[in-house]
Amino acid sequence: MAPSVLVQDTPSVASDELGQLPNSESSKGYWDENPEPSLLHRSLHQKPLVAVSASGHEITLHNGSRVIDACGGAAVAILGHGNMEVIEATFQQMKQVSYVHTLAYTTTSSEELADLLVGDAPGGLIKAFFVGSGSEANDGAMKLARQFFFEKGETQRTHFIARRQGYHGNTFGSMSLSNNVSRLLPYKDVLLPNVSHVSPCYEYQFRKEGESSVEYVARLAAELDAEFQRVGPGNVIAFVAETVGGATSGCITAEPGYHAAMRDVCWKHGALYILDEIMCGMGRTGSTFAWQQEKDAEGNQVSPDIMTLGKGLGGGYAPIAAIIVNKKVIEVLDRGTGAFNHGHTYQAHPVSCATALAVQKIVHREKLVENCDKMGQVLEGLLREYLGGQKHVGDIRGRGLFYAVEFVQDRESKEPIDTTLNFGYALQKQSLDLGVAVYPGHGTIDGVKGDHIIIAPPYTVNQDQLENIVKILAAAYTMTVKKFNL
């Protein structure tokens, strides 16, 4: 089968000239033969593409056509696909120790991975706890934070504060922290009642006209402080936020001084400051941890009391996430019960840890975080060049290889596109038809209004590949606008 459009340099031809379109026909034969799958897919009404192999930045589909993975799945595949060094490390660990229970055992793979992450105690973070998913990590972080105060004798602290338009996972605990309206809707009446939400740092939509960045940050800090006062300052366990906003709001980055101001409010009232870097961490924003780019007034990094990691930690080669813990939390547990009252059957799974360790060794050796930072500047430039002047492109934002484009009906008023069009998803489908996978979002502004797409390619991407991705995305944008007659 001839390769699809994604190997072409210029996507300026009509879609029917591009050969086999992945989203329209690539998996038709498979689903003709298997019309009623036993697997419960995300949709009962639409069949997903059938991937049969993946290598580098490309995924090969059932009919042989190929798609450029320009979003790493969901900002996961930081090395791309099919890295033989990682696969060999995984295989070797399986041969040596495939599984042991952490109640009695540890393995060198989990110990070495923890050393790699916190061996030099960045920002006072000294311990790593490995789990299977970001949702598990955020649930575990909530439990750890509660245990911290329980052992301090502050048992009245039972409340969490998070942010609107944040996303922290799909388990009941992590979903309670989240504020993704469409995902919460069926469960809102059974979520944890002891969670409240304040505004995100979303400068494009919510900074007032004439309001300086300093004034905007001060307003958000005052809002958080007021929420502490409403709940009772001594009743709050922690404030939880994504260091850089993820898929729900589309890569919203904090204004200078924001994280320092919010941390200071937490510490003023004796609460913990928890940062979720499931999506934006492990190099994705151009530094190993996204918080390393956040500074206080003296120029010091704003490190968290507890943080969570995921996606890029294992690069998609194995399911793994982590809770990373500051010394001050560990010291309280050490003086008390001497244990974290929590655990999972597959916690610190030796194969997942060995796989993640191999991924991170490659990232360090090949200086891929530095390349992520460098190529992120290229990506931003290309997005502004090819999309920045377009009528319905409202904002281009992000850091490193983690960028979003927010779409609007009117650039001056920032009025969103008609919600019934689902513009972000329509653009994602059109881009996929042209051979490039991006990550769509709808309800960007408040859970109902707003559309965006995210571009988050592997850290190994080069300038030519980025230009090809953005050109195809620009062509998909033009086709989508024309389709809706905007």
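Trainee: Among contacts in the protein chain between residues at least 6 apart in sequence, what percentage join residues at least 24 apart?

Mentor: The model under discussion is predicted. It contains 16 helices and 15 strands in the protein chain. Among contacts between residues at least 6 apart in sequence, the share that joins residues at least 24 apart is 72%.

Trainee: What radius of gyration does the protein chain have, and which value would a compact globule have?

Mentor: The C-alpha atoms fill a box of roughly 70 × 60 × 45 Å along the principal axes. For 486 residues, a compact globule would have a radius of gyration near 23 Å, and the protein chain agrees with this, at 22 Å.

Trainee: What percentage of the residues of the protein chain count as buried?

Mentor: The accessible surface comes to about 20900 Å², and carbon and sulfur atoms account for 50% of it. A residue is buried when its relative accessible area is under 20%. Of the 486 residues, the buried share is 54%.

Trainee: At roughly what angle do the axes of helix α5 and helix α13 cross?

Mentor: Two packed helices are described by the angle between their axes and the distance between the axes. Helix α5 covers residues 108-118 and helix α13 covers residues 350-365. Their crossing is left-handed. The axes come within 8 Å, and the crossing angle is roughly 40 degrees.

Trainee: Which residues of α5 meet α13?

Mentor: On the α13 side, the contact involves P350, C353, A354, A356, L357, Q360, K361 and H364. By class, the contact of α5 with α13 has seven nonpolar, four polar and two charged residues. The residues that α5 contributes are S109, S110, E112, L113 and L116.

Trainee: Which residues does G124 touch, not counting residues up to four places away in sequence?

Mentor: G124 lies in the loop between α5 and β4. Its relative accessible area is 25%, so G124 is partly exposed. G124 and Y30 are 94 residues apart in sequence, and their C-alpha atoms are 52 Å apart in space. The residues that G124 touches are V325, N326 and K327.

Trainee: Is M282 buried or exposed?

Mentor: M282 is in the loop between β8 and β9. Most residues other than glycine have a negative phi, whereas M282 has a positive phi of about 55 degrees. With a relative accessible area of 3%, M282 is buried.

Trainee: What is the relative accessibility of K414?

Mentor: K414 is placed in the loop between β12 (402-407) and α15 (423-433). Its phi is positive, near 65 degrees, in a residue other than glycine. K414 counts as partly exposed, because its relative accessibility is 28%.

Trainee: How many of the eleven residues of α15 are buried?

Mentor: The buried residues of α15 are F423, G424, A426, L427, Q430, S431, L432 and D433. After the helix comes G435, with a positive phi near 100 degrees. Helix α15 is largely enclosed by the rest of the structure, because its buried residues number eight of the eleven.

Trainee: Which residues does S431 touch, not counting residues up to four places away in sequence?

Mentor: S431 lies in helix α15. Its relative accessible area is 0%, so S431 is buried. Beyond four places in sequence, the residues touched by S431 are V436, V438, L473 and A476.

How values were computed. Residues numbered from 1 in each chain as written. Predicted model: local features only at pLDDT ≥ 70, side-chain atom pairs only at ≥ 80, totals over all residues. Heavy atoms only, no water. Axes fitted to C-alpha atoms, helices over the stretch in contact; angles between N-to-C directions. Helix = DSSP H or I, 4+ residues; strand = E, 2+ residues; numbered from the N terminus. Left-handed = near helix turned anticlockwise from the far one by under 90°. Contact = heavy atoms within 4.5 Å. Nonpolar A, V, L, I, M, F, W, Y, C, P; charged D, E, K, R; others polar. Rg over C-alpha atoms; globule rule 2.2 N^0.38 Å. Buried < 20%, exposed > 50% of the residue type's maximum accessible area, 1.4 Å probe, protein only. Areas by Shrake-Rupley, 256 points an atom, 1.4 Å probe, with all protein chains shown as cover.
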